[in-house]
Protein chains: 2
Amino acid sequence: MYPVPRVSAEHLAARRRQIVEAARRCFLREGFHRTTMQDVIAEAGLSVGAVYRYFPSKADLINAIAEEAVGGAEEVLAGIARQEPPVPLIEALGRVLAYVETQAGDEGVLRIAIQVWGEAQRDPALATFVAGKYAGFRHHFEVLVRRAQRGGEIPADADAEAVAAALFALVPGWFLQLILTGAPDRDTYLAGVRALLGR
Amino acid sequence: MYPVPRVSAEHLAARRRQIVEAARRCFLREGFHRTTMQDVIAEAGLSVGAVYRYFPSKADLINAIAEEAVGGAEEVLAGIARQEPPVPLIEALGRVLAYVETQAGDEGVLRIAIQVWGEAQRDPALATFVAGKYAGFRHHFEVLVRRAQRGGEIPADADAEAVAAALFALVPGWFLQLILTGAPDRDTYLAGVRALLGR
DNA sequence: ACTCCTAAAACGAATGCTCGTTCTCTTATT
DNA sequence: AATAAGAGAACGAGCATTCGTTTTAGGAGT
């Protein structure tokens with residue numbers, strides 16, 4: 001009853017992270033459904049039993065990774081939206097793209113986001129989670145747009161939500177081109193956006 | 001030698017299409033790696049042997065579907081780029097989005113494109129194919145931009161390729177929002193783009 | 001300080017099932 | 001008659017997961 005042999009909470013958290021990061025590497029290499037539990041287990045350097053103690057099924061592991069991949073941009077976006085004085089839209093876009101750039105490499109979490117998009121199409125729970133996250137991202141852009149409207153950068157009578165959608169679209173739109181075609185680089189793209197916006 | 005018992009070429013093509021369409025339905029439901037060959041075979045109403053006569057492996061089937069999904073927009077885009085008189089950029093975007101809308105539903109091929117993006121990250125051959133296709137799409141936008149520059153719609157000194165990238169980005173950027181969050185609808189989005197462009 | 005004890009943590013062989021593919025046989029076509 | 005087209009049983013590999021066992025951590029009793 002009393003003897004409670006347990007390992008420290010830090011140790012538990014560290015083990016969990018060890019597994020998640022091994023899984024992330026595997027999923028980056030092979031995708032969700034082509035990596036086997038044995039792959040993850042070997043990558044983590046643990047045993048079957050150890051991994052299954054922390055994640056009762058492969059689906060749980062996928063969920064953990066998916067949340068990490070899709071939620072990662074949250075703080076970045078929130079920070080930009082809340083900053084004083086208000087950030088001009090193009091500069092805000094540039095800062096988001098800078099974040100995307102750091103996470104678009106071979107090790108970056110955003111490559112996993114692409115897989116999450118696919119997975120969300122057949123996993124309703126994941127779809128709900130992703131929908132909430134992305135609507136939240138768009139909402140942060142909406143805040144930025146409203147502030148830009150007060151500053152006269154955008155016509156006051158425009159539909160802020162719609163403008164936010166357009167601005168937001170420029171992020172995954174570039175990300176996909178970068179991942180799939182390798183171009184354009186961020187500065188070139190931003191110059192293109194500026195020219196398109198006529199500013 | 002001479003007796004060449006063969007079925008008509010039309011019959012062969014029809015069978016092939018029958019299999020491809022069954023596969024498309026399965027892949028839409030379950031994704032590439034969670035649909036089994038048995039699923040496709042049952043959906044097509046054929047036998048194992050029949051399907052394997054037309055597609056020697058599952059990978060071949062995935063490739064066929066991927067090419068269909070990613071290549072589908074080609075003619076639409078080419079048509080708009082080549083039209084006389086030149087189509088204003090916003091109108092061109094609207095027409096592309098109209099096509100996307102038709103293919104974004106539960107049965108539309110574009111939902112498969114998302115899976116192809118994921119697959120391209122670990123299949124070099126598919127990655128090359130997709131890169132070529134998407135660079136081609138962007139090139140069509142570039143043609144449009146150059147013509148818009150001649151018409152004064154876009155500054156003549158802008159980098160047409162970069163502007164094209166920005167314009168192109170607005171397509172998958174909207175598509176993803178639509179698929180993942182269910183919003184905004186096309187007209188709202190286009191109004192947002194117009195307001196953002198300050199036109 | 002040093003055992004002993006208990007339960008958590010970790011292990012890994014074994015399991016049962018599913019998958020992609022092969023292969024032999026039957027049917028259809030010219 | 002000869003061969004392509006189609007059928008479907010069978011196979012071996014690989015999968016996620018289970019479960020009985022071993023190791024480890026750390027408080028209790030001395």
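Visitor: How much space lies in the largest cavity?

Guide: Rolling a probe the size of a water molecule over the atoms shows where empty space is left. In this predicted model, local features need pLDDT of at least 70 and side-chain atom pairs pLDDT 80 or more, while totals for chains, interfaces and linings use all residues. Residues are numbered from 1 along each chain as written, chains are lettered from A and ligands numbered from 1 in written order, and side-chain values use heavy atoms, without hydrogens and water. The largest cavity holds about 260 Å³. A cavity is a set of points, on a 1 Å grid over the protein atoms alone, where a 1.4 Å probe fits but cannot get out; points join across faces, edges and corners, and the volume is the space filled by probe spheres set on them.

Visitor: Which residues lie nearest the centre of the largest cavity?

Guide: Lining residues have an atom within 4 Å of a point. There are 20 here, and A:H33, A:Q115, A:E119, B:H33 and B:Q115 lie nearest the centre.

Visitor: Which residues come nearest to DNA strand D?

Guide: A residue is near a strand if one of its heavy atoms lies within 4 Å of it. Around DNA strand D there are 21 residues, with A:T36, A:M37, A:Y52, A:K58 and B:Y54 nearest.

Visitor: Where do phosphate oxygens of DNA strand D come close to N or O atoms?

Guide: One phosphate oxygen is 2.7 Å from a backbone N or O atom of A:M37. For the side chain of B:Y54, the distance from an N or O atom to a phosphate oxygen is 2.9 Å.

Definitions and conventions. On a 1 Å grid over the protein atoms alone, a cavity is a set of points where a 1.4 Å probe fits but cannot get out, and a pocket is an open set with protein on both sides within 12 Å along at least five of seven lines; lining residues have an atom within 4 Å of a point. A polar contact is a pair of N or O atoms within 3.5 Å; within protein, one must be able to donate a hydrogen and the other to accept it, and residues adjacent in sequence count only if both atoms are side-chain atoms.
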